[in-house]
Amino acid sequence: MQIKLENTPVEQLNVDALAVICFESDENPSHLLAAQNGWLPEILTSGEFSGKLYEMAVLHRPQRVAAKRLVVVGGGKLATFSPVEARRIAGSLARSLKAKGVHSLALVLKEADAPLVSAVAEGAVLGAWEADKYKSDPKKNDKRIDSFALCLSTAATPDMAAAFERGRIIGEAQNQARDLVNEPANKLTPADLTAAARAMASSYGLECQVLDTEAMTKLGMGALLGVAQGSSNPPFLILLKYTPANPVGTDHLALVGKGVTFDTGGVSIKTAEGMERMKYDMAGAAAVLGAMRALAQLKPSIPVTGYIPTVENMINGNAQRPGDIVTALSGKTIEVLNTDAEGRLILADAITYAIRNGATHIVDAATLTGAIGIALGHHNIGAFTNNETFLAKFMTAARAAGEKTWQLPMDEEYKDYLKSAFADLPNIGGRYAGSITAAWFLREFADPTPWVHLDIAATAWLDEGKAWLSKGPSGVGVRSFVQLALAWNQA
Ligand code: BES
Ligand code: MN
Ligand code: ZN
């Protein structure tokens with residue numbers, strides 16, 4: 001999809017659909033709507049349209065514009081309109097109009113600032129994405145948006161143009177994350193994910209280093225290797241490095257993403273029901289890869305390294321057994337009480353490695369626990385930290401990026417749920433606070449480095465589509481990561 005900031009006068013735009021926002025009880029809707037012979041008052045009185053968020057009405061052959069259709073889309077309450085709504089409006093327009101055979105779409109905004117403009121670009125790019133790669137329906141390409149234009153009432157300042165471009169870059173990076181998550185496990189093994197990272201790095205000018213089994217064995221990454229040993233597809237630890245030309249300060253941010261390309265549970269096997277979804281157990285890895293791609297283009301002033309431990313949690317004759325004791329890279333011994341708690345094992349070694357490589361701040365993203373969905377439902381990322389100041393900084397970024405995030409507690413008392421009779425640590429706690437004990441396990445490897453853990457198990461995959469986002473992989477995490485790095489050295 002092509003996207004651009006348009007300077008042609010809106011009346012002359014030769015597009016399939018021209019969309020304007022109308023708020024609830026809008027006193028002053030667009031002059032484009034006013035020119036339609038009473039159409040707007042008519043649909044308002046008939047109740048067909050009221051301005052509620054994402055509501056839409058379509059007028060064919062509108063007056064005084066070149067566009068084939070004029071679309072009025074609800075903006076909700078003007079007082080609460082923000083980039084979050086703008087992102088979703090753009091996404092809803094793309095999603096609903098492509099289904100109606102619209103190929104070229106333009107959105108008119110009366111007033112805009114940089115955050116709004118970049119949110120619109122993100123929303124349009126994200127809304128156009130569909131999880132239909134493996135559908136052979138020859139008609140699917142007829143239902144695509146080929147071009148999206150944003151029309152501002154005043155000429156775009158360089159600031160606005162840059163914000164729009166940033167939104168496009170971030171949206172496309174998030175879509176790449178969704179593409180990767182959407183791949184089934186037979187099409188995306190740890191080796192395939194590694195190849196994808198290498199290709200991305202060479203296209204966007206990042207350094208990419210890969211540790212294979214031999215290198216990881218030499219280093220002593222027993223926790224990661226223990227998970228991997230049950231699969232004939234070998235594991236990798238991928239590093240994606242961004243180095244700014246003129247770094248500001250001495251901080252070095254590490255982004256760590258869980259890359260389990262399939263999670264059967266191992267010997268502590270999962271039930272058949274829903275197991276097919278465990279192809280999305282690499283969504284943290286995909287978010288890191290997507291974020292690194294965007295950062296390579298947007299060039300923040302802080303160095304950022306992505307760490308992606310990638311394995312398959314399978315069950316061959318060499319698979320790890322419950323009760324096995326492994327030695328992590330940090331030197332801590334872990335009693336593997338449940339082979340299905342594998343994410344924390346691979347992350348432990350990746351976090352230790354990131355610290356040894358000079359990370360001063362770490363954020364990890366992982367589809368870590370089913371329990372996070374019990375705690376927060378599908379609407380918030382669960383966040384955990386060992387450093388409130390760093391989490392506050394992350395939360396500010398997440399809010400600006402429009403990714404809802406909610407902090408869970410990490411009181412010392414919860415740590416006592418992690419007790420092993422035979423090793424330093426077990427890999428599971430008891431029945432309670434499953435997401436918190438998982439976070440505490442990671443913290444044992446992160447301390448004292450400032451660290452934020454994001455449990456994205458309930459937000460990385462949408463079982464049902466939303467008006468602005470198709471069902472399937474959401475690409476969650478990418479925007480917050482990018483925003484965190486871009487805003488790092490701003491007060
Ligand atoms: N990948 C799963 C977590 C998960 C569950 C992700 C549902 C997405 C949807 C993780 O590896 C896992 O199996 N966690 C276990 C931990 C338990 C054994 C302590 C879980 O949540 O049941
Ligand atoms: Mn598991
Ligand atoms: Zn898992």
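## A surface loop

Ile269 sits in the loop that runs between strand β10 (259-263) and helix α9 (283-298). This placement comes from a predicted model. Is Ile269 buried or exposed? Ile269 is exposed, because its relative accessible area is 52% and the cut-off for exposed is over 50%.

Together with Val267 and Ile315, Ile269 makes a nonpolar patch. The patch covers about 250 Å².

## The manganese site

Which residues hold the manganese ion (ligand 2)? Asp263 (OD), Asp340 (O), Asp340 (OD) and Glu342 (OE) coordinate the ion. The distances are 2.1 to 2.2 Å. Along the chain, the donors follow the spacing D-x76-D-x1-E.

The manganese ion (ligand 2) has six donor atoms. The angles among them run from 70 to 168 degrees, and the site is irregular.

The zinc ion (ligand 3) lies 3.1 Å from the manganese ion (ligand 2). Asp263 coordinates both ions. Asp263 belongs to strand β10, while Glu342 is in the loop between β13 (333-335) and α10 (343-356). The two residues are 79 apart in sequence, so the pair ties together separate parts of the chain.

## Buried metal ligands

How accessible are Asp263 and Glu342? Asp263 has a relative accessible area of 3%, so Asp263 is buried. Glu342 is at 0% relative accessibility and therefore counts as buried too. Buried here means under 20%.

Methods
Residues are numbered from 1 along each chain as its sequence is written. Chains are lettered from A and ligands numbered from 1 in the order in which they are written. This is a predicted model: local features need pLDDT of at least 70, side-chain atom pairs count only at pLDDT 80 or more; totals for chains, interfaces and linings use all residues. Side-chain values use heavy atoms; hydrogens and water are left out. Patches are made of residues with over 30% relative accessible area and no salt bridge: like charges are joined within 9 Å, nonpolar side chains (Val, Leu, Ile, Met, Phe, Trp, Tyr) within 5 Å. Accessible areas come from the Shrake-Rupley method with a 1.4 Å probe; for residues, only the protein chains shown count as cover. A salt bridge is a side-chain nitrogen of Lys or Arg within 4 Å of a carboxyl oxygen of Asp or Glu. Helices (H or I, at least four residues) and strands (E, at least two) are DSSP runs, numbered from the N terminus. Buried means under 20% relative accessible area, exposed over 50%, partly exposed in between (1.4 Å probe, protein chains only). Donors are N, O and S atoms within 2.8 Å of the metal (3.2 Å for Na, K and Ca); water is not among the atoms, so sites may look incomplete. Four donors count as tetrahedral if all angles lie between 85 and 135 degrees; four count as square planar and six as octahedral if opposite donors are over 155 degrees apart and all others between 65 and 115; anything else is irregular.
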